[in-house]
Amino acid sequence: MFYLDLFRELQKYEVQYVVVGGIAINLHGVERATMDVDLVLAMDEANLQRFLRVATELELKPSLPVKIDSLCNAAQLDEWVREKNMIAFCLRPPSKTAPSLDIVVRPKVSFETMYRNRIEKDIGGIRFKLASIDDLIALKTDTGRNQDASDIVALKKVKQIARGK
C-alpha cells in the first residue's frame, strides 16, 4: 500500500517531514475523503537529499515536465511560487491508482514551527509525524477553499472534545 510504503521509507531515511492536509485531518480523528498525501519537508540540502532517495525508491516522478531535483533549487521554487502561484510540488507514483504526493513548498506556518508542535502517531510500527491541530487550522485559515473551512470546523470540534476529557 502506497501510504505505508511512503511513511516506512521516510522513517528509514530519517526524512524530517510533517503530514498536513487530508491525511493529517483523518489521523486527528476527522472523517473526510482525500486523494493525495500532503507533506511539508525541512528544506535543507541534507534532508532534501534524503527525501530524493525515498522518491527514487518509490519511483516517484514530478507531475510536471521538470526534474525531481528541482525540489532542491530554492530560487526555482521561489520563482514558481511567485510567477505560477505554485503551492505544492506534485509527485506521482508509477501506479495510476495510487495517490499523488504533494510537497507544500512555502507553507504559511514554518516547517520549524510545525515540526516543534508535531504530534507523532504509531500505526503498524510506522511513525507518522502530523501537524498539530492548531497548525492545521492556521494553514487552512483564509484560503478561500470550502474544504478548508469545513476542515477548520471539524478540527475545532475534535479539539473541543479532547479538552472535555
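Predicted model: local features only at pLDDT ≥ 70, side-chain atom pairs only at ≥ 80, totals over all residues.
Residues are numbered from 1 along each chain as its sequence is written, and side-chain values use heavy atoms, with hydrogens and water left out. Local features need pLDDT of at least 70 and side-chain atom pairs pLDDT 80 or more, whereas totals for chains, interfaces and linings use all residues.

Helices (H or I, at least four residues) and strands (E, at least two) are DSSP runs, numbered from the N terminus. Helix α1 spans residues 2-12. Its buried residues are F2, L6, F7, E9 and L10. Buried means under 20% relative accessible area, exposed over 50%, and partly exposed in between (1.4 Å probe, protein chains only). Viewed down the axis of α1, the buried residues fall within an arc of 160 degrees, so they line one face of the helix. The arc is that of the directions from the helix axis to the C-beta atoms. The cover over these residues includes β1 (17-20), β2 (36-41), α3 (45-57), β5 (100-104) and β7 (126-130).

The largest nonpolar core holds 51 residues. Such a core is a set of buried Ala, Val, Leu, Ile, Met, Phe, Trp, Tyr and Cys residues joined through side-chain atoms within 4.5 Å. F7, L39 and F51 have the most contacts inside the core. Leaving aside residues up to four places away in sequence, F51 touches L10, V15, L41, L71, L91, L101 and I103. Contact means heavy atoms within 4.5 Å.

A pocket is an open set of points on a 1 Å grid over the protein atoms alone, where a 1.4 Å probe fits, with protein on both sides within 12 Å along at least five of seven lines; lining residues have an atom within 4 Å of a point. Of its 23 lining residues, I87, V104, L139, R145 and D148 are the closest to the centre. β2, β5 and α6 (133-140) each supply at least two lining residues. α6 gives the most, with three. By class, the lining has ten nonpolar, four polar and nine charged residues.

Two loop residues have positive phi. E14 lies in the loop between α1 and β1. Its phi is about 55 degrees, although E14 is not a glycine. E14 counts as exposed because its relative accessibility is 59%. D142 lies in the loop between α6 and α7 (146-164). Its phi is about 65 degrees, and D142 is not a glycine. At 76% relative accessibility, D142 counts as exposed.

Conventions:
Nonpolar A, V, L, I, M, F, W, Y, C, P; charged D, E, K, R; others polar.
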